[in-house]
Amino acid sequence: MFLQVNHIQKKYKDKQVIQDVSFGLEAHQTLSILGKSGCGKSTLLKIIAGIEEQDNGHVLLNGKNIGNIKSNERNIVYLFQEPLLFPNLNVFENIAFGLRIRKLASADIEQKVEEMLDSLELKEHSKKMPHQISGGQKQRVAFGRALIINPPLILLDEPFSSLDVETRATMQQLYKTIAKKFKITALFVTHDLKEALLMGNRISYMDNGLLEIFESKKAFIDADKTGVKSEINFWNNL
Amino acid sequence: MSTTFKKRNIFLWLLALAFITPIITLFFLSFSKNWQFPAILPKQFTLENWRYLFFSGGNIAPSFVISLVIALSVATFSTLFGFIASKYIAYHKFRSKLLMLTYFPFALSPVIFALCLKFFFIKMSLTGNVEGIILAQLIIAFPYSVIFFTGFWSQKIKQYEDLVATLGGTTSYAFRKIVMPIAKSLILVCFFQCFLISWFEFGLTSIIGYGKVETLTIKVYQFITEANIFYAALSCCLLILPPVILLWFNKKFIIQQAK
């Protein structure tokens, strides 16, 4: 397995946010994690990214335990719910941010950023500041900023939840395209049933700090707790 | 022109007049001599007051420099350390208790506070010198700066820092490239406020300074108690000069940048 999570546990004060989570993920796959608010999905991603520390358990990336590695040395990018573009930098510099940290030559940075801007259809916005672009464009810049450093693993924490329905659908398609193009390995957290089904090669459900990965999309649809059946019933009885 | 607009204009002019009149009066007094009741105007207009205070033993120039050194030091240290300390307090699990402590210096009047501290300052040989006054004023300005910056350290700033970390940047890189540029305007405003706190401070300075360190504010009080309104007015003109320059700087650079 490319990513292996073993018996992760996390407690905040008296609340056991993550009870005992274990799963594995192959390279170039996206695992959707569906769950209600407060079920522990964001905490799980933050532990994998190294932003939070687990009470128990291990995270292995490519067979190597990354528990003692600082978040800035893990090379795992965490994408927040909001695009979080740096307000003091323009679109070009936001995308180039990770490359500047890695001290690449200016010519290389320019070439890579231009290519990224091209694939995200953002070329004409490169000199704009974050407040001058739309929500969907901001999210694309956030993707570009993460992808340009070619991280082995990307953690997406409800990245489209703040977008309107149309932009959300466009972004979902864009994600599918770039996931294929850049061979992304990712965990995609969402509370949207349809999004979970669309985005993931594999689908899981998290509830009360426990994670269940389904064998297939059919198993996910058949399980009562995921709410797919009741959703289908709702539309059928309308 | 509508009536409401006219009324608003008149009100603004009156407000401006209320602010400017005392300043004009101060300048007027600083160039005056021999003004005795019931004369409407002074008998003499002269540069003598300015000449005396700067060149013939009035000691205003050294006081101006001392005040400037103290205020700049207090503003620099309190803003810098306040910015850093506020971060640790804002994200600390005992945040509210620690914040409550920072209000403590403001619960007492500066004079009573200075009297409480005097013993420790004497023990540490920090009375009657500039270093002691800087330290004493920092006890007021530093907590102010901490309170000022605590609101800045929001969940969003924390997320920016976490994001920089996952992109490969260290804490100091995030601080230099993202946090500092975002906080730049706030830092300048805090510096300005701390400068003013120090510049106009009298109670702490007179008690800890033992009268040996004569800041411009101390000088003004001396002239007032001597009933020398001309010298007092002149020192007041000097007293308002740096804040006016800072205010202009604030308006020109910070407000324009925000626009």
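These exercises walk through a predicted model with chains A and B.

**Exercise 1. What does the secondary structure of chain A come to?**

Solution. Count the helices: chain A has nine. Then count the strands: chain A has ten.

**Exercise 2. Which radius of gyration would a compact globule of 238 residues have, and what does chain A have?**

Solution. Start with the rule: 2.2 Å times the number of residues to the power 0.38. For 238 residues, this puts a compact globule near 18 Å. Now take chain A: its radius of gyration is 18 Å, so the two agree.

**Exercise 3. What percentage of the residues of chain A count as buried?**

Solution. Apply the cut-off: a buried residue has 20 or more other C-beta atoms within 10 Å of its own. In chain A, 42% of the 238 residues pass. Next, look at contacts between residues at least 6 apart in sequence: in chain A, 69% of them join residues at least 24 apart.

**Exercise 4. Where in chain B does UniProt place "domain: ABC transmembrane type-1"?**

Solution. Read the record: the unreviewed UniProt entry gives residues 64-249 of chain B. Then check the span in the model: 82% is helix and 0% is strand. Its end C-alpha atoms lie 20 Å apart.

**Exercise 5. How many residues does the contact take from chain A and from chain B?**

Solution. Chain A gives 18 residues and chain B gives 14. On the chain A side, helix H2 (71-74), strand E6 (76-79) and helix H3 (91-101) each give two or more. Sort that side by type: twelve residues are nonpolar, five polar and one charged.

Key:
Residues numbered from 1 in each chain as written. Chains lettered and ligands numbered in written order. Predicted model: local features only at pLDDT ≥ 70, side-chain atom pairs only at ≥ 80, totals over all residues. Helix = DSSP H or I, 4+ residues; strand = E, 2+ residues; numbered from the N terminus. Buried ≥ 20, exposed ≤ 12 C-beta atoms within 10 Å, placed from the backbone. Contact = placed C-beta atoms within 7 Å. UniProt positions renumbered as here; feature names shortened; annotations may be inferred. Nonpolar A, V, L, I, M, F, W, Y, C, P; charged D, E, K, R; others polar.
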